[in-house]
Amino acid sequence: MLPTAMIVDDNMEMRATLKSVVRDYATVVDECTDGSEVIQHYRASHPDFVLMDIAMKKIDSALDQVNSARATLGAVQSRFENAVANIQIGVENLSA
């Protein structure tokens, strides 16, 4: 069984690209268009990992919510650098 993922990005095209890259490795269970939606959607879908654009306008709100809810979220880890590197490789492979 594939792990589950949530994609958070305010750009519809980027969400679609991420979804196409991730679908071979995970089942996308949720998408958010705004950083302020992350916690609510996370609690509803309980994904194994979250791919989040860190340059969104409302990202500070999302990060504040994550920090304040860390005990609730448990073992969720933010591995932006690895996720971004993997996505970049996947995008490069798709465009080759």
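Trainee: Which residues are linked in a network of salt bridges?
Mentor: Arg15, Lys19 and Glu31 are linked in such a network, where a salt bridge is a side-chain nitrogen of Lys or Arg within 4 Å of a carboxyl oxygen of Asp or Glu. This is a predicted model, in which local features need pLDDT of at least 70 and side-chain atom pairs count only at pLDDT 80 or more, while totals for chains, interfaces and linings use all residues. Residues are numbered from 1 along each chain as its sequence is written, and side-chain values use heavy atoms, with hydrogens and water left out.
Trainee: How many salt bridges does the structure hold?
Mentor: The structure holds 2 salt bridges. In one of them, the side chains of Arg15 and Glu31 meet at 3.4 Å, N to O. Arg15 lies in helix 1 and Glu31 in strand 2, so this pair ties together parts that are 16 residues apart in sequence. Helices (H or I, at least four residues) and strands (E, at least two) are DSSP runs, numbered from the N terminus.
Trainee: And what does Lys19 form with Glu31?
Mentor: Lys19 forms a salt bridge with Glu31, with 3.1 Å between the closest N and O atoms. That pair also links distant parts of the chain, since Lys19 is in helix 1 and Glu31 in strand 2, 12 residues apart.
Trainee: Is Arg15 buried or exposed?
Mentor: Arg15 is buried, with a relative accessible area of 10%. Lys19 is partly exposed at 37%, and Glu31 is partly exposed at 29%. Buried means under 20% relative accessible area, exposed over 50%, and partly exposed in between (1.4 Å probe, protein chains only).
Trainee: Turning to the sheet, what is the strand order?
Mentor: The open sheet of 3 strands has the order 2-1-3, with parallel pairing; two strands pair if DSSP finds at least two bridges between them. Strand 2 (27-32) and strand 3 (49-52) stand at the edges with a single partner strand each, so one side of each has no neighbour in the sheet.
Trainee: Over how many bridges do strand 1 and strand 2 pair?
Mentor: Strand 1 (residues 4-8) pairs with strand 2 in the parallel sense over 5 bridges. Thr4 stands opposite Thr27 in strand 2.
Trainee: Where does helix 1 lie?
Mentor: Helix 1 (residues 12-22) lies across strand 1, strand 2 and strand 3, at about 165° to strand 2. Axes are lines fitted to C-alpha atoms, for helices over the stretch in contact (heavy atoms within 4.5 Å), and angles run from 0 to 180 degrees between N-to-C directions.
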